[in-house]
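Have a look at the model on the screen and I'll walk you through it.

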Amino acid sequence: MIRIENITKRFKKLKALDNISASFEKGQVISLIGPNGSGKTTLIKSILGMVKPDSGKIFFKEEYINGGFIYRKDIGYMPQIGRYPDNMKIGQLFNMLKNIRNEPPETIDNELIKEYDLCSMYEKPMRTLSGGTRQKVSAAIAFLFNPSVLILDEPTAGLDPLSSEVLKEKILQEKNKGKLILITSHILSDLDELTTHVMYLQEGKMQFLKNIETLREDTGEIKLAKAIARVMKGEDPAGNFISEVLTKKTK
């Protein structure tokens, strides 16, 4: 569904992405994991066309995107920090997006708007919202048009525990519908029940892309956070060095 071929991107002296190749398919939930500055957000923005790679190609449903934008109607994007016009009210924002897309009413997904009770805040200007409420708005927008692909950048950041659970349940519902979902998060416990595949980046390089069950088998850990900790230490369950095993791109 999304295919990346030899993507490289530099920002001056920093090589943010270093010859990345990967394929993501329907029904997968890909957790993009890595330290700060590893290239996760740059990769996401390259897929979205917000960053232009210096070299390499990205295909969406077998079509080379090559600076196009029509494909983005099939993607729901939740940024780490949503930025909206200060004076625009919540209700105006949703209505504007619906008018721009001109989608039939029956295709609009209002579930998160209801779950987060955003209807009661429709008259509030965006500048008055807390960070958590902005996150709720961003989440509702990402799912609003029932896209076939979801790209969620630190989706639970700033959300209270109850709101985080609501969002995770929504992601699980979309996973069960067979959608492709890409998630970045530093809260690895949020990803345990969602993830089907893990893509680990470090210093702009893809260290591995593998099925979560294979990762658990290789590391002897059930919890994703502990599995990744073993990866970073380069240890298998017996404490032996396992970098060669983990760098095999088992899917």
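Let's start with a pairing: which residue in strand 4 does Glu-5 stand opposite? The residue is Lys-57. Before I go on, a word on what we're looking at: this is a predicted model, where local features need pLDDT of at least 70 and side-chain atom pairs count only at pLDDT 80 or more, while totals for chains, interfaces and linings use all residues. Residues are numbered from 1 along each chain as its sequence is written, and side-chain values use heavy atoms, with hydrogens and water left out.

Okay, the sheet. Helices (H or I, at least four residues) and strands (E, at least two) are DSSP runs, numbered from the N terminus, and two strands pair if DSSP finds at least two bridges between them. Here 4 strands make an open sheet, antiparallel, in the order 2-1-4-5. Strand 2 and strand 5 (63-64) sit at the edges with a single partner strand each, so one side of each has no neighbour in the sheet.

Strand 1 (residues 2-11) is joined to strand 2 (residues 14-24) by 7 bridges, with Lys-9 opposite Leu-17 in strand 2. The two strands form a hairpin with 2 residues between them, and Lys-12 in that turn has a positive phi of about 55°. Strand 1 also pairs with strand 4, again antiparallel, over 5 bridges.

Now, what's inside? Buried means under 20% relative accessible area, exposed over 50%, and partly exposed in between, with a 1.4 Å probe and protein chains only. A nonpolar core is a set of buried Ala, Val, Leu, Ile, Met, Phe, Trp, Tyr and Cys residues joined through side-chain atoms within 4.5 Å. The largest one has 45 residues, and Phe-94, Val-137 and Leu-152 are among those with the most contacts inside it. Helix 4 gives the most to this core, 6 residues. There's a second, separate core of 27 residues, including Ile-30 and Leu-48.

Leu-48 is also one of the buried residues in helix 1. That helix is mostly covered, with 7 of its 9 residues buried. After helix 1 comes Gly-49, with a positive phi near 80°.

On to the rings. Rings of Phe, Tyr and Trp (its six-membered ring) pair if their centres lie within 6.5 Å; planes under 30 degrees apart count as stacked, over 60 as edge-to-face and the rest as tilted. The structure holds 4 aromatic pairs. Phe-60 and Tyr-71 have ring centres 5.5 Å apart and planes at 50°, so that pair is tilted. Tyr-200 and Phe-208 have centres 5.8 Å apart and planes at 10°, so that one is stacked. Both Tyr-200 and Phe-208 are buried, and so are both Phe-60 and Tyr-71.

Last thing, pockets. On a 1 Å grid over the protein atoms alone, a pocket is an open set of points where a 1.4 Å probe fits, with protein on both sides within 12 Å along at least five of seven lines; lining residues have an atom within 4 Å of a point. Grid points are joined across faces, edges and corners, and a volume is the space filled by probe spheres set on the points. The largest pocket holds about 740 Å³. Of its 24 lining residues, Met-50, Tyr-77, Pro-79, Tyr-84 and Ile-141 are the closest to the centre.
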